[in-house]
Amino acid sequence: MNKKFNVPRGTSDILPKEVFTWEYVEKEARQLLRNYGYNEIRTPIFEKSELFVRSVGQTSDIVQKQMLNLSFQGFVEKYQFDEIGLDSGDVFKKLIENGWAEKISPTQIRLKSYLFEGKVIGEMKKVFEDDEVLDKILFPQYYTSLSLRPEGTASIVRAYIQNNFDRLERLSKFFYIGPMFRGERPQKGRLRQFHQIGAEAIGPESCSPYLDAEIIALSVAILKALGLSDFNLKLNSLGDEEDKENFSKYLKKELKPVSGNFCSNCQRRYRLNVLRVLDCNNKDCQAIVDGLDIHDAHLSDKSREYFKEVCGALDRLKVSYEIFPKLVRGLDYYTHTVFEISAPSLGSQDALGAGGRYSNLVSQLGGPDVDAVGFALGIERILLAMPKGDVEAGKLNVFIIALDEKSFLKAFALLHQLRDADVSGDMSYRISSMKSQMRLANKKGAGHVIILGEAEMQKGEVTIKNMESGDQAVESINNIKTIKNIILNQ
Ligand code: AMP
């Protein structure tokens, strides 16, 4: 027997009966996003990997472990240095001069990400003073390859810059709905291909606490419109880059005596991006973090004032939230406001969505010095948390029943005339008994059936039956307008 294929792990088919619910979610979300003045943008599903490395952050879990890379191994090996604009001769000469050639082969340099973690990196840094050159050697795959998008913000900021939106308008408001990809270990609510609804407000006039509040209120409004009520909104402010730096310093100091007790992931996080330790799901790490006295001491007066205004605006909009000083978010680009919405009913993967402000990302990616704020909601998680009512499946207006070969051609032509007149309809392409075709019409949820048999053919008429009331009407087969009227209105 020939081999059967299944979907790759962590992905799933969205079957026709489920698509109605998806369409409903997307329709409600689109409507609200447009009501709030956001316009849809569609960016490619893959981008240069470097875009994600530079935005989401080198030390983030996404870049470290989850990027689905499209590099062609042979190509990367052969051309890695040419592609990234480095002279391979120079690179190796430097390595040889510094005694690295014996220690490590070029292939190891490319493959061993442990270099990035260990002390080796410090020594490498002495050889290559420029961090970017070092990155290119250690992570050539990110500089030469493409990756499936793990999230939406980076692509939208790239599109904002590439299309010079800052010259067109003072504030650009985008939304997107589409698939994202992360090489995670699949489990309930955690997939390798999942879908997000997201919005971003970017531009010279995007730095307003009212816009933070709008973004948060909008994500809450979408969830409510979809019938969700049992969720919590956690809110925090990281402050600006300097405040974040202070926060990191404080954590480094406080956590130093206990850093040896962290999980291996957090040992690395402690060294490279200590804020992320607050994000860890490991119980021991959480217990350590719970013992810390974390409040808003790292915030400057200006940042504190900004956050107060965000909270005030949310109060005005009657959006309930809880200030959660340990909330940091897993992506590097956030500054100031960060938020997360979770549904306790979802168990361990309880995050419905999240977002925040990112003041420096646009300029970091080569764009103008403008602020931005946004959110992303996970559609699969929303579907898990949504009340389990039936979303009305798409119903056919009419099902045409041809009772013999002769009627079939007429029925087939009539079906197409009706479809052209905006009536949804279908028929069976195999002639069978009236009873079995009626069963099919019922299964498809047809509102009406049109019956065409020998008697109807002789008179040039059709019988139209309302499937709910059983009422029947007879009409001339050529009178499409009246037939349509009966089907749609009676
Ligand atoms: P993040 O970009 O990680 O903040 O994700 C935003 C939202 O997308 C999360 O709150 C989840 O609802 C959803 N999400 C993120 N990763 C996954 C995944 N692997 N599988 C399903 N949903 C996800």
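Mentor: Two strands pair if DSSP finds at least two bridges between them, a strand being a DSSP run of E with at least two residues and a helix one of H or I with at least four, numbered from the N terminus. The model is predicted, so local features need pLDDT of at least 70 and side-chain atom pairs 80 or more, while totals for chains, interfaces and linings use all residues. Residues are numbered from 1 along each chain as its sequence is written.

Trainee: In which sense do β11 and β12 pair?

Mentor: Strand β11 covers residues 398–402, and three bridges join this strand to β12. In general, strands of a sheet pair through backbone hydrogen bonds in one of two senses, parallel or antiparallel. For β11 and β12 the sense is parallel.

Trainee: Which strands are the edge strands of the open sheet?

Mentor: The five strands of this open sheet, whose pairing is mixed, come in the order β12-β11-β13-β14-β15. An edge strand here pairs on one side only, which holds for two strands, β12 (425–427) and β15 (472–476).

Trainee: Within what arc do the buried residues of α15 fall?

Mentor: In helix α15 (residues 241–255), the buried residues (20 or more other C-beta atoms within 10 Å of their own, placed from the backbone) are D243, K244, F247, L251 and L255. Seen down the axis, with directions taken from the axis to the C-beta atoms, they line one face of the helix, because they fall within an arc of 100 degrees.

Definitions and conventions
The expected span of a helix is 1.5 Å times one less than its number of residues. A residue is buried if 20 or more other C-beta atoms lie within 10 Å of its own, exposed if 12 or fewer, and partly exposed in between; C-beta atoms are placed from the backbone.
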